[in-house]
Amino acid sequence: MTADTVLPQPFAALGLTGSEYDKIVATLGRRPTGAELALYSVMWSEHCSYKSSKVYLRQLAPTAVQSAALLAGIGHNAGVVDIGQGYAVTFKIESHNHPSYVEPHQGAATGVGGIVRDILAMGARPVAVMDALRFGPAAAADTARVLPGVVSGISFYGNCLGLPNIGGELDFDACYAGNPLVNALCVGVMRHGDLQVAAASGPGNQVILFGSTTGPDGVGGASVLASAAFGGSAALGEAAKRPSVQVGDPFMERLLVECCLELFAGGLVVGIQDLGAAGVACATTELAAAGTGGMRVRLDAVPLRDPSLGPPEILMSESQERMMAVVEPARVDEFLAVCAKWDVRAAVIGEVTDTGRLVMTWHGEVVVDIPPGSAADGPVYQRPVSRPAGQDALVADSASALPRPVDGPALRADLLALIGSPGLADKSWVTDQYDRYVRGDTVLAMPEDGGLVRVDEATGLGIALATDGNGRYAKLDPYLGTQLALSEAYRNVAATGARPLAVTNCLNFGSPEDPAVMWQFAEAVRGLADGCAALGVPVTGGNVSFYNQTGTVAVHPTPVIGVLGVHDDVRRRLSIGFAASSAGDTELVLLGRTEAEFGGSAWAHALHGHLGGRPPAPDLAAERRLAGLLAAAAAAGLLAAAHDLSDGGLAVALAESCLRGGTGCRVRLPGDPFTALFSESAARAVVAVRPGAFADFDALRAEHGVPGETIGRTGGGDLVVEDCFAIPLAELAAAHTAALPALFG
Amino acid sequence: MRIGVITFPGSLDDRDAARAVRLAGAEPVTLWHADRDLRRVDAVILPGGFSYGDYLRCGAIARFAPVMSELVPAARSGLPVLGICNGFQILCEAHLLPGALTRNAGLRFITRDLSLRVENATTAWTRAYSAGEQIVVPLKSGEGAYAADPGTLARLEEAGQIVIRYADSNPNGSAGAIAGVCNAEGNVVGLMPHPEHAVDALTGPSADGLRFFTSIVTRVLA
């Protein structure tokens, strides 16, 4: 390696700044090779290094919240939570926003594949997925390109992989027009002793790359797509002509899942990591940095699907369906035999050393020789932060000035318009394309409040999951908006009858180089940290997606929060549906306090295109009490149904519950009917109490300190609000189900 | 009694089929695609999934799996065989059942709880139903549109080989709203909907599908 300091190196085209390049030179004490430059460029990308967010994310350390349920937290691929009976659960949500805009089908498909490998690498069997999707205006021409492609990609990959899709979100807003948000969540289950580590330990142990072959797809995906604003001039020369979106093979991933689980069961793995962003570069540096400290890799031993690839491209390739394992020399033959059984290609490409150096050769020539920690840790930036110039004006533009429906017919019309608006309309057009039945353990899936999966058939132990985010609330106040997203996901899990245990998050923001965006980010993380502390649920992992902006226009700050809960007996689950009961109609109780809160509401957005004012005030202590009540009432078998109140308030919740169960209801509203129907005050739910159980429920409610008021009964074929309006369910259903098919065919 | 469930690479609902067998009171036996061995089972289920990733054509590669060289002659000699979804596609590719499954009308994957009508309640796998009975079972497939030439369709109709039909709506453009068929002897049945996902109201839309599995248990025991 002779240094040539005269010729300039293409660091800028690889997404590195001048000072980052200087830091590489200083670390190595010489000019980096082409392969080293490629390796640092992807490892130090925003996507892989979290260089702009790291200083904030420390607040989310799992130890920030005392929880006995936590087995492993941030730093591993995903956090692990104890759910009892010897079971542990790991879950994580991750963005695949940029690839999904460039190539919606493959971008979304490989988003599912990537998060599933993350969960697999922990030692868990993936058991379910969810997707939180946000697009530009529903009627926009480009949405008709992006949405069907994203949905078909998730359908294609997740269905073929055999994972039930149990829920998620779908929303539309003009701010996502050039930057759709495609966030994929996966949850996996293991026994306590099954946890795997992502570390290359034990000198002499062999490094095995297995799964798909390595091709030119996705070269520089992390640095080019996900770490610069769209429309930028970042280019990779020759590589830029190739697709920077990866192509997925779910069949190979299916084999890889079964193969890995058999390898784990056989005790054949010392350490393992999935290959995602930054491919071989990331897996080798992180495994080495977390382990004994050194590794020797023969890049020419990497099985290729394109023989023309050289070391930089092999390092940067994001070809899917690959894993890297560290295996004791004596177990290598057994390891390879398991791979052969599953038709999974595997190759020994190197070994663990105690030299403290990551050394890679290419046909005998050393092309990389670096301290692995220098690449794995990356730079840390304290970006400038400043409250956006228009924030005060935005908050001052209150929704209270909007014209309100004045009488029964006007309220009725607003409700029909709201449940027919794209963000609140029936989502079957999307969810019918996903398999929710596979594995036979799905107890609740969309359109329920949360997904619920049975873990143990004998005991009924299960896990509940929900994801929520509201970019409008977060735009008005990122601190409160993030707490509202957390509150809603927490409440949705509780509404199934589960106890919320842990949190994952996917933080979707604009450019970190914009101080206004960085202010939103800082506020959001502070809100999440404070919120988790108040609710007593630790953050077990997450993902940051920056540069969701086109030109100078960023998406609404959109923290998407996933909450995991444990259900002691899924047979006692609560559905949102009002069902006809032979034992008589059930009484409906509205839980929580309703204030006039319309800032950022679905009503203001869908009926008036308005966004301004303050979002509803979160009340985390009240959320905690409400969740405690719902879990206790479900366990005692007192409830026939429960539905959280969020977008569109009580009106939309009642409509959804009537349609879900095919049974109407008759309610009499306290106070101003408009506020009662459409306000989005937090910490509320509507429950249907089983015939004969009202006294017990009312006592339990008082014991938990949750305000509640009987508003009516279920029954009949209409949604009736006394003195206001009646809507036959058929009319409600027509308004609810027509929107998406009309838009997307 | 022992009922085999074949696992091909990419099979997904093998676990669910085995659970349904257990709930029906029989013993599920795992059969591996690469073994030329049916392990002396009394009946075989080819489960749903994406064998070989649906590459080439659904079921087109699986029909050549080593286990099929044992299954095909056994089925022709009367062994009860049930193909669900991808298993149905494989049975058609293997010519154990007539016709073929093609892309859904509308070209999208469909997961939906559907009303089905049992047209033939005399087959090995539908004896526990009564003819004309309606049941609710989920459908989940992208290539579930049943197709056959007019002569074959007429012959199937005539011979009572149409076992299951979509009752209320035809979700995928199947000829004659056909959801499932059998061979002339009635021991081999294939259907696109998933009865193994309707064995318990907790995890399915109903428990209506369980009788596919109890049908075979009663038959073999009798």
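1. Helix α19(A) is followed by G536(A), whose phi is positive, near 75°. Helices (H or I, at least four residues) and strands (E, at least two) are DSSP runs, numbered from the N terminus. This is a predicted model: local features need pLDDT of at least 70, side-chain atom pairs count only at pLDDT 80 or more, and totals for chains, interfaces and linings use all residues. Residues are numbered from 1 along each chain as its sequence is written, with chains lettered from A and ligands numbered from 1 in the order in which they are written.

2. Six strands of chain A form an open, mixed sheet, ordered β14-β15-β16-β21-β17-β18. Strands pair if DSSP finds at least two bridges between them. β14 (442-444) and β18 (539-545) of chain A are the edges; each has a single partner strand, so one side of each lacks a neighbour in the sheet.

3. Strands β16 (residues 462-468) and β21 (residues 558-567) of chain A run antiparallel, joined by seven bridges. T467(A) has G562(A) as its bridge partner in β21(A).

4. α19(A) packs on this sheet and touches β17, β18 and β21 of chain A. Contact means C-beta atoms, placed from the backbone, within 7 Å.

5. Chain A is divided into domain 1 (18-49 + 196-377), domain 2 (54-194 + 390-396 + 418-572) and domain 3 (574-744). These bounds come from an automatic or database domain assignment. The contact between domains 2 and 3 of chain A takes 50 residues from domain 2 and 52 residues from domain 3. On the domain 2 side, α18(A) gives the largest share, ten residues.

Note on methods:
Contact = placed C-beta atoms within 7 Å. Axes fitted to C-alpha atoms, helices over the stretch in contact; angles between N-to-C directions.
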